[in-house]
Amino acid sequence: MRVNVSEALQTRYSVRGYKPDPVPEELIREVFDIARWSASGTNTQPWHVAVVSGDARDRLETELCKLFDDGVPQGSVFARNATMESPYIDRRRHCGFSYYGVLGVERHDKQGRIAVARKNFEFFGAPHVAFFSMPSHFVMPQALDMGIFLQAVMLVMVEKGLGCIAQGSLAGYQDAVKEIADIPDGNEILVGLSFGYEDPDAHINTARMPREPLETIASFTS
Ligand SMILES: Cc1cc2nc3c(=O)[nH]c(=O)nc-3n(C[C@H](O)[C@H](O)[C@H](O)COP(=O)(O)O)c2cc1C
């Protein structure tokens with residue numbers, strides 16, 4: 001199925017259930033080879049992406065799940081959370097509740113919510129995970145470039161028939177990831193991206209998140 005950019009944007013969603021089948025390496029390389037044409041401030045191209053597959057992916061899952069199960073605090077040199085007021089906090093809560101709702105996890109079911117959070121470190125069953133990093137002293141303009149690159153990767157994946165999910169949570173255990181993934185010295189991970197072929201039978205993939213109307217997010221002055 002070939003899609004144009006508008007269709008890719010409007011049909012993409014976060015995939016949280018995958019088939020185990022690996023994606024051919026040639027296709028993975030093609031996705032990033034296209035995405036590297038993304039724009040960046042003064043063409044700095046601050047991004048680096050480290051793709052982890054196969055045995056390495058399985059070892060990493062084991063390591064990250066162990067840290068999560070042991071309750072090891074997550075951290076990064078990049079601030080990972082901002083104070084949030086309405087309407088942002090409302091949207092965030094709505095996102096969490098709709099996601100738990102599709103999974104049948106009740107609001108007060110703490111264990112159920114922990115099990116759902118753990119799925120991040122299982123890469124939601126995806127056979128591949130990519131880590132997007134940039135030099136650790138870089139700041140907001142470079143993070144903006146990283147987001148543009150990430151979006152490009154996600155849209156090209158839609159075009160190529162792949163599913164994916166961006167995961168800020170995969171920036172939480174930097175040292176463990178750096179032990180296994182090939183991340184340049186001095187870089188810090190901003191976000192991970194699990195990807196592969198979507199499992200059409202995974203109920204979680206029926207979750208769809210709404211968007212604010214144009215009038216709320218844009219103003220037009222003349
Ligand atoms: C930078 C970024 C980080 C994200 N981190 C996570 C994450 O750690 N875990 C998760 O389940 N979803 C994560 N998401 C997915 C968002 O929840 C999702 O994109 C949002 O709810 C909109 O839904 P949609 O992608 O299905 O349109 C992340 C998305 C982005 C863009």
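A disulfide here is a pair of cysteine sulfur atoms within 2.5 Å. This is a predicted model, where local features need pLDDT of at least 70, side-chain atom pairs count only at pLDDT 80 or more, and totals for chains, interfaces and linings use all residues. Residues are numbered from 1 along each chain as its sequence is written, and side-chain values use heavy atoms, with hydrogens and water left out.

Select C95. Its closest cysteine sulfur is in C164, 15 Å away, which is too far for a bond. C95 is partly exposed, at 32% relative accessible area. For these labels, buried is under 20% relative accessible area, exposed is over 50%, and partly exposed lies in between (1.4 Å probe, protein chains only).

Now select C164. Its relative accessibility is 2%, so C164 counts as buried. The disulfide count by this rule is zero.

Next, select residues 88–103, helix α4. Helices are DSSP runs (H or I, at least four residues), numbered from the N terminus. The 16 residues of α4 reach 23 Å from first C-alpha to last, close to the expected 22 Å. That expected span is 1.5 Å times one less than the number of residues.

Color I89, G96, Y99 and Y100, which are buried in α4. Look down the axis: the buried residues of α4 fall within an arc of 100°, so they line one face of the helix. The arc is taken from the directions from the helix axis to the C-beta atoms.

Finish at G104. This glycine follows α4 and has a positive phi, near 75°.

Terms used:
Helices (H or I, at least four residues) and strands (E, at least two) are DSSP runs, numbered from the N terminus.
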